[in-house]
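Hi,

Here is the structure I promised to pass on to you. Please open it alongside this email, and then read on for what I found.

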Amino acid sequence: TGRTRALFFTFMILLTMLLSRLIKEYLAFFQLEIAVKANQALSGLIYNKTLRLSSATNKSFKKGDIISLIQVDAWKIEFLFDALPNVSRVPFLIIFLVLTLYMFIGVVSIIAVLSIVLF
């Protein structure tokens, strides 16, 4: 039964890793889709606003300058939507890793973390 248990746990670990990878890929695709839609929505809103402005109202900027700014800013918004979930996950990972270190090592891990933060 020892070999059967080992094979069972090996299979379960592989299945868990496979499901985890599938979920991560799906979420990454969904996140990228939201980022692209945000980019398109922002570009469309600003283009429509630019088209409604008369040339007398907007003497300080040329249409080409506005379109260039739209592309740069829309890309920054897309990058923000793409990177924000990863950036917001980092503090939780750090806390989890420090707690895990504390469980395995003990008080020495707290001293190590404090020395890293303070110095």
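Predicted model: local features only at pLDDT ≥ 70, side-chain atom pairs only at ≥ 80, totals over all residues.

On the helix 2 side, the contact is made by Val98, Leu101 and Tyr102. Helix 3 brings Val107, Ser109, Ile110 and Val113 to it. Sorted by class, this contact has six nonpolar residues, one polar residue and no charged ones.

Ser109 deserves a moment of your time. Ser109 sits in helix 3, which covers residues 107–118. Is Ser109 buried or exposed? Its relative accessibility is 4%, so Ser109 counts as buried, the cut-off for that being under 20%. Leaving out residues up to four places away in sequence, Ser109 touches Leu101 and Tyr102, and both of these belong to the helix 2 side of the contact described above. The side chain of Ser109 also reaches the backbone oxygen of Gly106, at 2.6 Å.

Now to the other pair of helices. Helix 1 spans residues 2–52 and helix 2 spans residues 63–104. Their axes come within 8 Å and cross at roughly 155°. Helix 1 and helix 2 are therefore roughly antiparallel to each other, since the cut-off for that term is over 145 degrees. The crossing of helix 1 past helix 2 is right-handed. What kinds of residues make up the contact of helix 1 with helix 2? They divide into 18 nonpolar, six polar and four charged.

Two residues of helix 1 are worth a look here. One is Gln31, which has its place in helix 1. Gln31 has a relative accessible area of 15%, so it is buried. Not counting residues up to four places away in sequence, Gln31 touches Phe81, Asp82, Ala83, Pro85 and Asn86.

The other is Tyr47, which also lies in helix 1. With a relative accessible area of 29%, Tyr47 is partly exposed. Which residues does Tyr47 contact, leaving aside its neighbours within four places in sequence? They are Ile67, Ile70 and Gln71.

Ile66 makes a handy reference point for distances. Tyr47 and Ile66 are 19 residues apart in sequence, and their C-alpha atoms are 8.7 Å apart in space. Phe119 and Ile66 are 53 residues apart in sequence, with 46 Å from C-alpha to C-alpha. Where is Phe119 placed? You will find Phe119 in the segment after helix 3. Phe119 is exposed, because its relative accessible area of 84% is over the 50% cut-off.

Best wishes

Conventions. Residues numbered from 1 in each chain as written. Heavy atoms only, no water. Axes fitted to C-alpha atoms, helices over the stretch in contact; angles between N-to-C directions. Helix = DSSP H or I, 4+ residues; strand = E, 2+ residues; numbered from the N terminus. Parallel < 35°, antiparallel > 145°, perpendicular 65-115°, else oblique. Left-handed = near helix turned anticlockwise from the far one by under 90°. Nonpolar A, V, L, I, M, F, W, Y, C, P; charged D, E, K, R; others polar. Buried < 20%, exposed > 50% of the residue type's maximum accessible area, 1.4 Å probe, protein only. Polar contact = N/O pair within 3.5 Å; in protein donor to acceptor, adjacent residues only side chain to side chain. Contact = heavy atoms within 4.5 Å.
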